[in-house]
Amino acid sequence: MKYIIIAFTFFTFIAQAQQPVLNKDIAAAKKAVIELNQELSQLEQELLSPKGTGVAFYFSLRGGQYFVPLAVEISAQGLTSIHHVYTEKEVDALRMGAVHPVGQSNLGAGKHKINIKVRGVNQQGDPVTLNFEDEVEKSSEPLKLEVSVRDDKNARKANAQLAVW
Amino acid sequence: MPTIKIIKIERSMRTLRSCLGYSVQVVILLCFIFKASFASALTIGQPFPNFTLPSAYVGYGQQLQEQHGKPVMLIVLDRCDRCQKKLVEFQHQNTVYALDDLETWIIWTSYKDDLPPELPLPVLKADSRLQQGWQVPKKRPALFLINRDGILDHAQYGSLRKLSRQVDSLLSEWMQQGQARPVGQ
């Protein structure tokens with residue numbers, strides 16, 4: 001029993017003596033984990049979205065008298081579908097001139113057909129979908145595209161179009 | 001550029017290896033792998049993940065983050081075809097606590113020819129194609145109470161009948177715990 005107590009005291013003493021070294025190791029390990037996480041995230045970002053293939057979509061509303069957007073869906077061959085559901089506050093901001101960044105994706109260089117569906121309601125409150133397709137050319141530079149919905153006062157309805165920034 | 005990153009990562013891994021044992025490294029690696037699933041899990045006392053869902057009717061979508069500062073009651077329905085009668089108690093409770101800014105949202109999932117409940121509350125559609133953020137749980141019906149800070153305070157599962165019976169006492173207790181609007185505001 002006496003030897004057990006001596007051994008226990010000895011190991012406790014050694015453990016206490018090693019405590020600062022252990023704490024230092026733990027701190028170094030934590031730092032290494034944080035750095036590793038940051039570097040992995042950066043690498044993931046660079047591999048998934050190389051700068052040359054980047055394409056960003058924006059949405060704007062001019063007027064908003066004849067059409068209230070509720071959701072937008074953007075799709076193209078080779079493009080992960082992008083969509084957004086609009087809340088009342090977001091539509092209010094769009095009416096005041098805000099431009100909404102819908103999302104980013106990747107497209108290879110060349111010509112692409114982009115399909116856009118803007119779901120919403122007309123002045124009477126009936127559901128309306130503005131559906132159109134447009135062709136864009138992607139170079140090695142990042143591409144910024146704006147889906148713009150504008151009121152046509154003469155026709156008393158809204159039209160959607162795609163513009164390159 | 002990625003090569004430099006890989007070298008940096010290797011260096012970090014080497015530092016890590018010198019500091020930790022093999023089993024600890026495996027645990028950390030598993031944590032990285034399952035990071036996404038841990039993050040998406042609902043935990044009482046943790047922030048409720050943000051989400052945007054479209055309206056089940058023709059109307060605006062709703063985003064949870066926009067309700068920050070208000071207590072929110074989420075009712076996730078199982079199969080429901082115009083089941084508004086089963087939701088009367090929730091609607092009533094919403095009226096009772098309207099002055100305390102309680103927001104009640106019904107989350108409905110479309111199935112075959114089912115139609116959403118007709119209620120004077122936001123009825124949202126759990127649309128896997130359009131929804132953003134948090135995924136509606138498979139375990140339902142469910143009731144979630146999210147406080148003014150966006151923290152999940154309560155999660156109840158069970159039939160709508162059971163939840164309807166519990167909601168009165170649950171909300172009353174919850175509101176007394178600090179969700180009620182402070183006097184004078």
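## Domain layout of chain A

The C-alpha centres of domain 1 and domain 2 of chain A are 52 Å apart. Domain 1 covers residues 1–48 and domain 2 covers 51–164, with bounds taken from an automatic or database domain assignment.

The model is predicted: local features need pLDDT of at least 70, side-chain atom pairs count only at pLDDT 80 or more, and totals for chains, interfaces and linings use all residues. Residues are numbered from 1 along each chain as its sequence is written, while chains are lettered from A and ligands numbered from 1 in the order in which they are written.

## Dimensions and content of chain A

Chain A has a radius of gyration of 28 Å, whereas a compact globule of 165 residues would have one near 15 Å; the radius is taken over C-alpha atoms, and the globule rule is 2.2 Å times the number of residues to the power 0.38. The C-alpha trace of chain A spans about 100 × 40 × 25 Å along its principal axes.

Chain A holds 2 helices and 8 strands, in the order α-β-β-β-α-β-β-β-β-β along the sequence. These elements are DSSP runs numbered from the N terminus (helices H or I, at least four residues; strands E, at least two). Of the 165 residues in chain A, 22% are buried. A residue is buried if 20 or more other C-beta atoms lie within 10 Å of its own, exposed if 12 or fewer, and partly exposed in between, with C-beta atoms placed from the backbone.

## Nonpolar core

The largest nonpolar core has 60 residues, and B:Leu74, B:Ile75, B:Ile106, B:Ile107, B:Trp108 and B:Leu124 have the most contacts inside it. Strand S2 (residues 67–76) of chain A gives the most to this core, with 7 residues. Such a core is a set of buried Ala, Val, Leu, Ile, Met, Phe, Trp, Tyr and Cys residues joined through C-beta atoms within 7 Å.

Leaving out residues up to four places away in sequence, B:Ile75 touches B:Phe90, B:Ile106, B:Ile107 and B:Leu143; contact requires C-beta atoms, placed from the backbone, within 7 Å.

## Strand S3 of chain B

In strand S3 (residues 72–76) of chain B, 5 of 5 residues are buried. B:Val72, B:Leu74 and B:Val76 lie on one side, B:Met73 and B:Ile75 on the other. In a regular strand the side chains alternate between the two faces of the sheet.

S3(B) pairs in the parallel sense with strand S4 (residues 103–108) of chain B over 5 bridges, and antiparallel with strand S7 (residues 142–146) of chain B, also over 5 bridges; pairing requires at least two DSSP bridges. B:Leu74 has bridge partners B:Trp105 in S4(B) and B:Phe144 in S7(B).

Terms used:
Two residues are in contact if their C-beta atoms, placed from the backbone, lie within 7 Å.
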